Each structure stands twice: as structure tokens, then as C-alpha cells.
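Okay, thanks for making time, everyone. Let me put the sequence and the model up, and then I'll talk you through the parts I picked out.

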Amino acid sequence: MRLRAMIDASAVRILAVVLVGMGASPAIAGAESSQVSVGPIQTLAHVPYPGNPGAATLDGNTMWVDTSAVYDRALDGYNAVFAYDLNTGQLQSRRPNPIIVPQQPVAAMGLAGIALDSVGRLYIADMNGRGVLRLDPRTNAISLYGSVPTSTSTSLTAMPTFEVFGPDGSLYVSDASAPVIWRVPPGGGQAKVWFADPRLAGWTTTAVDGIAIDPSGRNLYLATGQAANIRIYRLPLAHPDAAHLQLFHTYHLAPVLCTENVANVTGPNGPAALLGCLGLNIAGAGGIVFGKSGRLYVSLIPVAQLSILSPGGDELLRFPDPEQNMQLDNPVNAPFNLSLDGSGRLLIVDNGDPSNDPPGGPHYDSKSWAILAVQVHDTPGRLFKPNLP
């Protein structure tokens, strides 16, 4: 029963081995695609144990990275937030680094999206249902900024995943366990349902992950659905009702079957790999982010690829090619979240392999826990960083 609950509630984030998509080769469409090009995918930073990075966000030359998956180290009781030098990809000399974020004694999930306010405080989604935490890097203090209750649309508990500030300082939060977008009022407090619609539903309990506001500051974009039917929606901030929800783009992906994982389930890492494979096969999009160009960048978790959409919703490019990906020193492996930096690079949060860490045993690192970087010749779209008390 507990295993079934974990699969239902957290399958979108149970991330393990590299899965190569069937029918997921690079796609180029339309005249505008001639203006889109990407460079080689490189490893910018390694994320040490507890690994499985959940999100990366930039504050000047500092890149903040949190850790997400604890399903195979549920007794650790903590997650971490690391500070990196964006230019070198090395951990900064600040102390402490990482900042430890305590979790419940037994936690199924970890941390996900990170947003920033005007003074550099971090707002981090806790997928274990607590809500949105506020971390002040000046003092290392951690507090609960926005509590997210379980709603009638939430089958188990709320699972806040990614978030974004709006122009008025409201924080919009996606929920991976329900077809709901939450709104935390400026200054914090209990989140309330801002928008709920059955069209945002995914597979069983999984629902909305990716969330972004376009450069105009007028529309919220949402990524939802399982691999076979990933949907990107657009919703005006001024009209959060069913009549104004518009379909922006649809993906129909076909991940490979988990045959190899089934065959090796008796190995030391077999159960976690099999569970991760099953989770990825029913997962959909991860994080989404807008460039200044108006293009939307989408992480496609189940096929280990990135997609670039035009401002009109056409797919301009999908990469990397599966065969080329397998030849990389550090392949794209469960791309959970995305961001853009000022030098035109797309930063890919590579959630990677399970930790395979026995309770009370040694801590193993994996090179698949990484922030990857690829030149896309685009810079970040407008991000709202409110002045909050």
C-alpha cells in the first residue's frame, strides 16, 4: 500500500536511469527554426550527495541548486541547497555550503522550484506538502512562507513543485498531485486555489509541474499531462477561469519499456531503477522557462530531451538526438528543471540516477547529478522579483 501511494503521489519525480525515447528524435519545423541553433551540451556543475537536483536559479553570479528526490533515502531527514559560482561551476566558499533543509523523519520527496525576491531570498517548493519555504542566504534562516493545504482536488497530500512570482508579488505554485494552481498572497500566508480544472490532470494523481509567466507579464503558462499527452496551456493572469484556458502545444511521446529494468531488478540498484523507470514512463514535462526572445523551453522528462517552442506554439527544435545523447560524457538524464543565464545558455537540471544509498551506510555520489549547460543564444525573459516584507 505504501509503495502504491508513493508511485501515485510522486511518480513524476521518481527519476532514475537514462531513458531513450522511441520516436523522439530531434524535430525541426517551420521557417523560424532556421534562426534556432544550439551548441554542445556540457557539464557546468556537479551536485554532490544528496544529489538529485530539483531546481537551479540565478542571483547575479550565484547559482542556487536544491535537492529533490529522497524516495530511496527516505530516512536521511534532510535536503540541501548549494551555492555555486556561475562562471566556474564550482561551489562557493560561503559557509555553510550547502545549507541543510530538515525534512520530516520519513520523507517521500524533497525540494523543487526556486524563486527569488528583490533582496535575494529564496522561495523553495517542498514537495512533501509543507508548502513554500523561505530561505534567507544572509542569515541561513528557513521559515514557512506559504502553507499549501490539501484540497478536494488533491488525492493524497498537496505536492507543491514549481513556482513563479507575478507582477503584483503573488506567488503562483504548481501542484504535482492535483490539477490545481495555488496562489500565495504577497508577504506570505496560506495558499488558496487560484485555478483548478480537470484539463490539468495527468496520470492518476500527478498533474501540473512546469509553470512560467511570459515576458509580457500577462499570461501564466502550465505544463501538465503524462508522456503520451503532455499539454502546455496558457491562462491570462487577469482571467483565471476555464473559459480563458487555451491549449498552446501538445506532445505525444513514447518512452521505452522497462524491460531491462525488470530483468535486473534483483541487482543492488534494481528496485530503485525499476521504480524510477515506471515513474518516468508516466511522467510528462518538468520545468518550463521563457527566453527574452519569447521562445518557451520545455523539459521532456520521459525521453530525456529539451524542446524549444516559438511564441506561437510551434516546435522549433527538440534535442539531443537519443544516440548522440548516449555518447555524451554526462548524458541528459531526467531533465527536471530549466533556467537561462545572461550569456545565452540554457541550464538543465539533470536529476539523474537514484542515490542507491543504504540507510546508515556510505554516501555515494553520481556524476549524473549535474547542472548541464547548452548555448541557445537566448537570455532570460522578464522575471518578477517583488519587494516583500
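So, one term before we start: a nonpolar core here is a set of buried Ala, Val, Leu, Ile, Met, Phe, Trp, Tyr and Cys residues joined through side-chain atoms within 4.5 Å. Buried means under 20% relative accessible area, with exposed being over 50% and partly exposed in between, using a 1.4 Å probe and protein chains only. And please keep in mind that this is a predicted model: local features need pLDDT of at least 70, side-chain atom pairs count only at pLDDT 80 or more, and totals for chains, interfaces and linings use all residues. Residues are numbered from 1 along each chain as its sequence is written, and side-chain values use heavy atoms, with hydrogens and water left out.

The largest nonpolar core has 39 residues. Which residues have the most contacts inside it? Those are Phe165, Leu171, Tyr172, Ile181, Trp194, Ile211 and Leu220. Strand E12 gives the largest share of this core, 4 residues. There's also a second, separate core, with 19 residues, including Tyr297, Leu306, Phe319 and Ala370.

Now, where does E12 sit? It belongs to an open sheet of 4 strands, in the order E10-E11-E12-E14, with antiparallel pairing. Strands are DSSP runs of E, at least two residues, and helices are runs of H or I, at least four, numbered from the N terminus; two strands pair if DSSP finds at least two bridges between them. E10 (160-165) and E14 (192-196) are at the edges with a single partner strand each, so one side of each has no neighbour in the sheet. E12, residues 180-184, is joined to E14 by 4 bridges, running antiparallel. Over there, Arg183 stands opposite Lys192 in E14.

Next, the other sheet I wanted to show. This one is open too, with 4 strands ordered E2-E3-E4-E5 and antiparallel pairing. Its edges are E2 (53-59) and E5 (99-102); each has a single partner strand, so one side of each is left without a neighbour in the sheet. E2 and E3 (residues 62-67) run antiparallel, joined by 6 bridges, and Asp59 stands opposite Thr62 in E3.

Last stop: Asn79, in strand E4, residues 78-85. Buried or exposed? Asn79 counts as buried, because its relative accessibility is 0%. Its side chain makes a polar contact with the side chain of Thr67, at 2.7 Å. A polar contact is a pair of N or O atoms within 3.5 Å; within protein, one must be able to donate a hydrogen and the other to accept it, and residues adjacent in sequence count only if both atoms are side-chain atoms.
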